Amino acid sequence: MASSENKACSIVDHYGPDLEPFEDHYRDFHQNPELGTQEERTSAIAASHLQEAGYEVITHIGGFGVVGVLKNGHGPTVLLRADMDALPIREQTGLPYASTLEAVDTDGDRKPVMHACGHDSHVASMMGTSTLLAHAKGKWNGTLIILFQPDEEHGAGARAMLDDDLYDKIPKPDIVLGQHLTPDKAGVVLIRPGSFMAAADTIKVTVFGRGAHGAQPQDSIDPIVLAAHMIVRLQTVVSREIGPQDVASVTCAYIHGGKAHNVIPNEVEFMLNIRSFDAAVRESVLKAVKRIIRGEAIASGVTKEPEIESVLTFPPTHNDEEATLKLKESFLSYFGRDRTWEAPRHTASEDFSLLATELGVPSVFWNFGGVDHKKWREYERTKDKTLISSAHQADYAPVVQPTLKTAIEAMSLAALTFLK
Ligand SMILES: [Zn+2]
Ligand SMILES: [Zn+2]
């Protein structure tokens with residue numbers, strides 16, 4: 001155990017804040033979730049907390065993005081990020097602080113709203129971290145940036161903050177750090193160097209044919225038959241073009257065409273969700289997808305080329321090797337081997353890393369668990385995955401503690417690992 005790690009550990013131990021106010025904030029955020037781009041209430045609470053804790057605060061960056069800056073002498077600049085938005089899911093946890101809210105989403109539809117991804121725990125624990133590090137100001141040097149990001153679930157919030165000149169408004173960080181709640185044992189942190197989460201691309205395809213009477217298919221260029229061929233052939237991208245050593249997925253989970261049983265429509269629209277870990281693999285998947293769509297359209301004799309539109313892009317999340325190993329050492333010193341686990345590589349995606357790649361600086365992302373210990377023991381005994389609900393599920397109900405305490409400690413420890 002190196003002495004700097006010892007020091008970071010003892011600071012976290014000594015300056016750990018009273019947890020009750022942050023537990024209250026957590027339950028409050030959980031009960032009052034806000035969809036991406038609508039985080040007005042959450043961001044206002046986070047901003048006033050930072051102000052009270054002595055940070056210079058800037059609000060309304062890229063929507064409801066909030067940043068607090070604490071300049072504390074010469075040393076590295078470290079950025080800590082938490083996302084704030086919730087999901088359009090009707091909550092079925094039965095918790096006393098469950099959400100019953102609904103809101104109009106960016107697509108104009110009224111939807112139920114739930115914190116089913118744990119972003120409520122990210123905000124509450126980041127508030128706790130900001131308090132701990134402000135109290136411990138006499139023990140570190142550098143510049144600390146606390147960033148509350150909007151609109152992660154739509155994959156747009158980090159980009160929106162960057163496009164709103166984030167890095168002209170605040171000091172440029174030397175490293176960017178973030179964490180995410182996962183359905184793992186509460187009190188545990190999970191970390192791995194290198195590839196951590198997948199890149200995601202959502203593509204909208206509009207196929208143009210020629211409509212006709214259902215009884216006279218010879219007059220049509222049937223876009224439904226054409227789209228069907230495209231979707232079947234797209235199954236060969238991963239199975240025939242990507243080597244078995246690489247990982248990718250191509251899913252069509254949305255297809256719309258036609259309004260009547262006897263009318264061949266003019267067009268069909270479908271969407272593809274593509275996941276990959278490696279930039280070169282991602283490129284070849286995207287190229288193959290476009291080639292197949294164009295090729296099948298030509299085979300059908302269309303007179304108008306299909307439209308291929310990128311709807312959403314998440315970058316891959318890649319943990320800097322050196323910084324991750326350094327942070328893992330801190331985690332091992334503080335939490336011990338029992339509570340510091342090797343993280344799996346996730347096929348889910350995040351826009352977190354944009355905050356680092358924009359500047360070409362390293363970033364580290366890790367997980368902290370939220371599953372009740374009794375439930376976890378039962379899961380370990382039976383290996384029955386249905387015992388544990390997962391992020392984006394209506395019954396996802398992390399336990400408040402030791403989840404929040406661990407998140408505050410992990411984030412504070414991470415900041416202190418890279419500050420002076
Ligand atoms: Zn999510
Ligand atoms: Zn999330």
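C117 is buried, with a relative accessible area of 8%; buried means under 20%, exposed over 50%, partly exposed in between, with a 1.4 Å probe on protein chains only. This is a predicted model, in which local features need pLDDT of at least 70, side-chain atom pairs count only at pLDDT 80 or more, and totals for chains, interfaces and linings use all residues. Residues are numbered from 1 along each chain as its sequence is written, chains are lettered from A and ligands numbered from 1 in the order in which they are written, and side-chain values use heavy atoms, with hydrogens and water left out.

## Exercise 1: zinc ion, ligand 1

Task: list the donors of the zinc ion (ligand 1) and classify the site.

Solution. 
- Step 1. Apply the donor rule: N, O and S atoms within 2.8 Å of the metal (3.2 Å for Na, K and Ca). Water is not among the atoms, so sites may look incomplete.
- Step 2. Name the donors. They are C117 (SG), E153 (OE), E153 (OE) and H392 (NE2), at 2.0 to 2.7 Å.
- Step 3. Check the angles. The four donor atoms make angles of 52 to 152°.
- Step 4. Classify. Four donors are tetrahedral if all angles lie between 85 and 135 degrees; four are square planar and six octahedral if opposite donors are over 155 degrees apart and all others between 65 and 115; anything else is irregular. The site of the zinc ion (ligand 1) is irregular.
- Step 5. Read the spacing. The donor residues follow C-x35-E-x238-H in sequence.
- Step 6. C117 is in the loop between β5 and α4, and H392 is in the loop between α11 and α12, 275 residues apart; the pair links distant parts of the chain. Helices (H or I, at least four residues) and strands (E, at least two) are DSSP runs, numbered from the N terminus.
- Step 7. H392 counts as partly exposed because its relative accessibility is 39%.

## Exercise 2: zinc ion, ligand 2

Task: find the protein donors of the zinc ion (ligand 2), and say which residue coordinates both zinc ions.

Solution. 
- Step 1. Name the donors. C117 (SG), H119 (NE2) and H180 (NE2) lie 2.1 to 2.4 Å from the zinc ion (ligand 2).
- Step 2. Read the spacing. In sequence it is C-x1-H-x60-H.
- Step 3. C117 is in the loop between β5 (110-112) and α4 (119-135), and H180 is in strand β7, so the pair ties together parts that are 63 residues apart in sequence.
- Step 4. C117 coordinates both zinc ions, which are 3.1 Å apart.

## Exercise 3: the largest pocket

Task: describe the space and lining of the largest pocket.

Solution. 
- Step 1. Set the rule. On a 1 Å grid over the protein atoms alone, a pocket is an open set of points with protein on both sides within 12 Å along at least five of seven lines; a cavity is a set where a 1.4 Å probe fits but cannot get out; lining residues have an atom within 4 Å of a point. Grid points join across faces, edges and corners, and a volume is the space filled by probe spheres set on the points.
- Step 2. Give the volume. The largest pocket holds about 1200 Å³ of space.
- Step 3. Look at the centre. Of the 44 lining residues, C117, E153, A348, A391 and H392 are the closest to it.
- Step 4. Sort by class. The lining has 18 nonpolar, 15 polar and 11 charged residues. Ala, Val, Leu, Ile, Met, Phe, Trp, Tyr, Cys and Pro count as nonpolar, Asp, Glu, Lys and Arg as charged, and the others, Gly among them, as polar.
- Step 5. Sort by element. β7 gives the most, five residues.

## Exercise 4: the largest cavity

Task: say what lines the largest cavity.

Solution. 
- Step 1. Count. There is one cavity of 30 Å³ or more.
- Step 2. List the lining. It is R81, A82, H122, S125, M126, Q179 and M411.
- Step 3. Find the main contributor. α4 supplies the largest share, three residues.

## Exercise 5: backbone

Task: locate the cis peptide bond and the positive phi values.

Solution. 
- Step 1. Most residues other than glycine have a negative phi, and most peptide bonds are trans.
- Step 2. Find the cis bond. It runs from Q401 to P402, with omega near 5°.
- Step 3. Take D151. Its phi is near 55°, and D151 counts as buried at 8% relative accessibility.
- Step 4. Take K383. Its phi is also near 55°, but K383 counts as exposed at 56% relative accessibility.
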